[in-house]
Amino acid sequence: MRNRTLARGAASVVVIGVDPHGMGLIRECLGTEAVLPSQATPYEDALLAVRKVRPNVVVMGFDNDFARAVQLGPQLSAELPGLHMVAISERTDPERIRAAMRASYREYVVLPEDADLLRKAVHESGSGAEEAHDQGSVVAIISSKGGGGASFLTVNLAAELSATDRVSVIDLDFSMGDIAGFLDLQPQSSIHDLLRNLDRLDERSLAAAVAVHPSKVHVLAQPNQLVDSDDVHGEDILRVLTAASNAYQYVLVDCGGRVDEATLTATSVADTIILVTTPEVVAVRNAWRRIQMLEKLGVEKSNVRLVVNKWGKGSELRLSDIETNLGVTVAATVSADPVACQRAVNQGQLLREVSSRSQTYKDLAAMVDLITERVAQVPASNTRSFFGGLFG
Ligand SMILES: Nc1ncnc2c1ncn2[C@@H]1O[C@H](COP(=O)(O)OP(=O)(O)OP(=O)(O)O)[C@@H](O)[C@H]1O
Ligand SMILES: [Mg+2]
């Protein structure tokens, strides 16, 4: 998993004692430099939060309770040596600055004036951060169109990888996720149970929450009842992904075509992003939008693998059209085979159980290389704008 945090070399940040206005300023300043919680932790929960999250940086509000903020400084740095602590305030006050420095804060930042200082502090602590050891690889599978095959590719790819590695699949479709159905599993527990008990989240609780498929793929499924995905916060998803990447060599996250806090978080921290499109104008147009989104998130192009699913002779677009218009090389194609794929889905079976000799299965099995080998994806040459190309 990429540095446990958002964006390149970004830091994980805990914000304490800051009101919503201050949070807005911090968010504006840091953008994708850091994983930011949706709201600040109250002073009284600061120690607990640092103990749990083990962040690179703490940003401490100095305006709401100055005495408390000063008091927490030495406590937090004792709890997590090396922690980079930043005091944040709306006014410059030499007395306060000195108090902050004595209390182990390395910077005293007034926003928005000192935005660069905060950015730099967070950036440096992220890039200098200890590499997460033995962490598994997080692979986000995103698609450009509903029904494009993200879930199908996720489960079948996971089954291929599980021949040699410990693999989990996480279903991040909080509205319609049915990874369990694709594998004919009846999970007793779901991702929701983990999210409800985050304070007890560890490898053991994760192991208790997954359903195990005969292929040895572990599935963290969606619950049977619909869940309001507005209640799902990016930082909570990050913690689930961190726990999973500590426990498995590969964590395949089915993000499908949704863009919400959960899928954006997974996409931001993923080591590899598989962008699935079908060879149709509408899907490729959406793929272009997804690529723009990935750029905004700070995802490196070299981590993105463009896969054209449902590929075949009758395809609406040529691969060269797709590459030219997206500016990304097609890393793999998966042949269309509606009958075999539908049968596999309907029966809750893997494609190899239904049709192991099909070209589609061979294509799918070959996709393993996209994850296990770091294939550099050079931008396709002669890139034109999407609209100027296909639709110009
Ligand atoms: N290579 C393929 N050839 C033919 N059909 C395929 C192929 N891959 C997937 N399918 C079919 O496409 C359908 C949709 O696949 P899937 O549910 O995986 O898409 P999705 O992107 O996860 O969709 P959703 O947006 O609903 O999550 C499935 O019924 C499957 O049988
Ligand atoms: Mg799906």
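Modeller: Start with strand E6 (residues 137-143) and strand E10 (residues 250-256): they run parallel and are joined by six bridges. Within that pair, Ile-141 sits opposite Asp-254 of E10. Helix H11 (residues 261-269) packs on the sheet here, touching E6, E10 and strand E11 (272-277), and its direction makes about 140° with that of E10. Some ground rules: this is a predicted model, where local features need pLDDT of at least 70 and side-chain atom pairs count only at pLDDT 80 or more, while totals for chains, interfaces and linings use all residues. Residues are numbered from 1 along each chain as its sequence is written, chains are lettered from A and ligands numbered from 1 in the order in which they are written, and side-chain values use heavy atoms, with hydrogens and water left out.

As for terms, helices (H or I, at least four residues) and strands (E, at least two) are DSSP runs numbered from the N terminus, and two strands pair if DSSP finds at least two bridges between them. Contact means heavy atoms within 4.5 Å. Axes are lines fitted to C-alpha atoms, for helices over the stretch in contact, with angles from 0 to 180 degrees between N-to-C directions.

Zooming out, the whole thing is an open sheet of eight strands with mixed pairing, in the order E8-E9-E7-E10-E6-E11-E12-E13. Strand E8 (211-212) and strand E13 (330-335) each have a single partner strand, so one side of each is left without a neighbour in the sheet.

Now walk towards E13. E11 runs parallel to E12, with five bridges between them, and Ile-273 has Val-304 in E12 as its bridge partner. Together with helix H12 (residues 281-297), E11 and E12 make a right-handed β-α-β unit; right-handed here says that, with the strands pointing away from the viewer, the path from the first strand over the helix to the second runs clockwise. Next, E12 and E13 pair in the parallel sense over five bridges, with Val-308 opposite Thr-333 in E13. The chain gets from E12 to E13 through helix H13 (residues 319-326), and that β-α-β crossover is right-handed too. Strand E12 (residues 304-311) is mostly covered, with six of its eight residues buried (under 20% relative accessible area; exposed is over 50%, partly exposed in between, with a 1.4 Å probe and protein chains only).

One last stop is the loop between E10 and H11, where you'll find Val-259. Val-259 is partly exposed, with a relative accessible area of 49%. Not counting residues up to four places away in sequence, Val-259 touches Leu-264, Arg-290 and Met-293. From Val-259 to Leu-350 it's 27 Å in space, C-alpha to C-alpha, and 91 residues in sequence.
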